[in-house]
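Visitor: I would like to go through this model with you. Could we take it one topic at a time?

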Amino acid sequence: MTHASNRNQVVEIDENSGFCFGVVTAIEKAEAELGRSGELHCLGDIVHNASEVERLRLRGLNTITHSDLENLHDATVLLRAHGEPPSTYETARRNNISIVDATCPVVLQLQKRIKRAYDEGRLRMESGQASRMPLILIYGKEGHAEVNGLVGQTDGTAIVVQSPEDLDGLDLDGDVLLYSQTTQSLDGFHRMIEAIRQRKKTGEFEYSDTICRQVANRLEGLRNFAAGHDAVVFVSGAKSSNGKVLFEECRKVNPRTYLVSDVKDLDLDALTDVASIGICGATSTPRWLMTRIADIIRDKKDNG
């Protein structure tokens, strides 16, 4: 199939798209360990991008599951930026597994905050200072790796809520503590706060804005970037929650926003009639992949 040529077409990569510092650190730690030993296990995909996972696999990074971890002994395992519950560290100690801990500092601080709140509530219960435990809510995606790690700080008692409807049926009239997965939207978090306030009749309500600003602050810039081009190619892995949110935000301001996970998803015919193409991505999107896609579009423009 041939593609019409548009030699005046401008192709621009968003300077602020790509890996957040937590993902950068995790990949750097993985590459350093692979450079030393040539082999490393990673508990779950190191980043929600299949192309980057494959690149590191070819260097010796073996992705394992939690079930695999239970049967693994005398090995080295990297914990990715999402973080892990205490049970993972217990399994590692039991199986003589060396941990390369790449938990994002923002996630680690959140884990500590939730664990402290849970432990304080339990102590108050045990000492008779309180008649019930505070209800700990986590605004986030059920089953997400980061959220699993957060829930684990409470011995599995925290409740995950993703929309105000998830509050239906919960007893909110005791003390309620609300936290957020670090990559959730600020607007959604504020809607959750208001929904809890409207439903509560008694008891204290405290919330902690634990959303990562490096992620949250990208949103406005990404909207402006998308609005400034005739068409947008948004590059993101299918598993990326952050990618889904940011893609939808781009599409709101620019309906001609196309989601691709790799080069194979690129529809060049859809881009032939536009003068300006913006390429951007999620916090889990490698820069090299956005550059490769930009080069393919430019090559078709010049040689179409």
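Guide: A definition comes first: contact means heavy atoms within 4.5 Å. This is a predicted model, in which local features need pLDDT of at least 70, side-chain atom pairs count only at pLDDT 80 or more, and totals for chains, interfaces and linings use all residues. Residues are numbered from 1 along each chain as its sequence is written, and side-chain values use heavy atoms, with hydrogens and water left out.

Visitor: Which elements do the buried residues of H9 pack against?

Guide: They pack against strands E1 (10-13), E10 (231-235) and E12 (276-281), and against helices H8 (213-216) and H10 (241-253). Helices (H or I, at least four residues) and strands (E, at least two) are DSSP runs, numbered from the N terminus.

Visitor: And which residues of H9 are buried?

Guide: In helix H9 (residues 218-227), they are Arg218, Leu219, Leu222, Phe225 and Ala226. Their directions lie within an arc of 125° when seen down the axis of H9, so they line one face of the helix. That arc is taken from the directions from the helix axis to the C-beta atoms. Buried means under 20% relative accessible area, exposed over 50%, and partly exposed in between (1.4 Å probe, protein chains only).

Visitor: What is exposed on the other side of H9?

Guide: Asn224 and Ala227 are exposed there.

Visitor: Changing topic, where does Thr283 lie?

Guide: Thr283 lies in the loop between E12 and helix H11 (287-303). Its relative accessibility is 7%, so Thr283 counts as buried.

Visitor: What does Thr283 touch?

Guide: Leaving out residues up to four places away in sequence, Thr283 touches Gly18, Phe19, Cys20, Val23, Val215, Arg218 and Asn242. Arg218 is also among the buried residues of H9.

Visitor: Now the rings, please. How many aromatic pairs are there?

Guide: Rings of Phe, Tyr and Trp (its six-membered ring) pair if their centres lie within 6.5 Å; planes under 30 degrees apart count as stacked, over 60 as edge-to-face and the rest as tilted. By this rule there are 4 aromatic pairs. One of them, Phe205 with Tyr207, is tilted, at 5.7 Å centre to centre and 45° between the planes.

Visitor: Are those two buried or partly exposed?

Guide: Phe205 counts as buried at 19% relative accessibility, whereas Tyr207 is partly exposed at 38%.

Visitor: How are the rings of Phe234 and Phe247 arranged?

Guide: Their centres are 6.1 Å apart and their planes at 55°, so the pair is tilted. Phe234 lies in strand E10 and Phe247 in helix H10, so the pair ties together parts 13 residues apart in sequence. Both Phe234 and Phe247 are buried.

Visitor: Which residues do ring pairs link into a cluster?

Guide: The cluster consists of Tyr139, Phe189, Phe205 and Tyr207.
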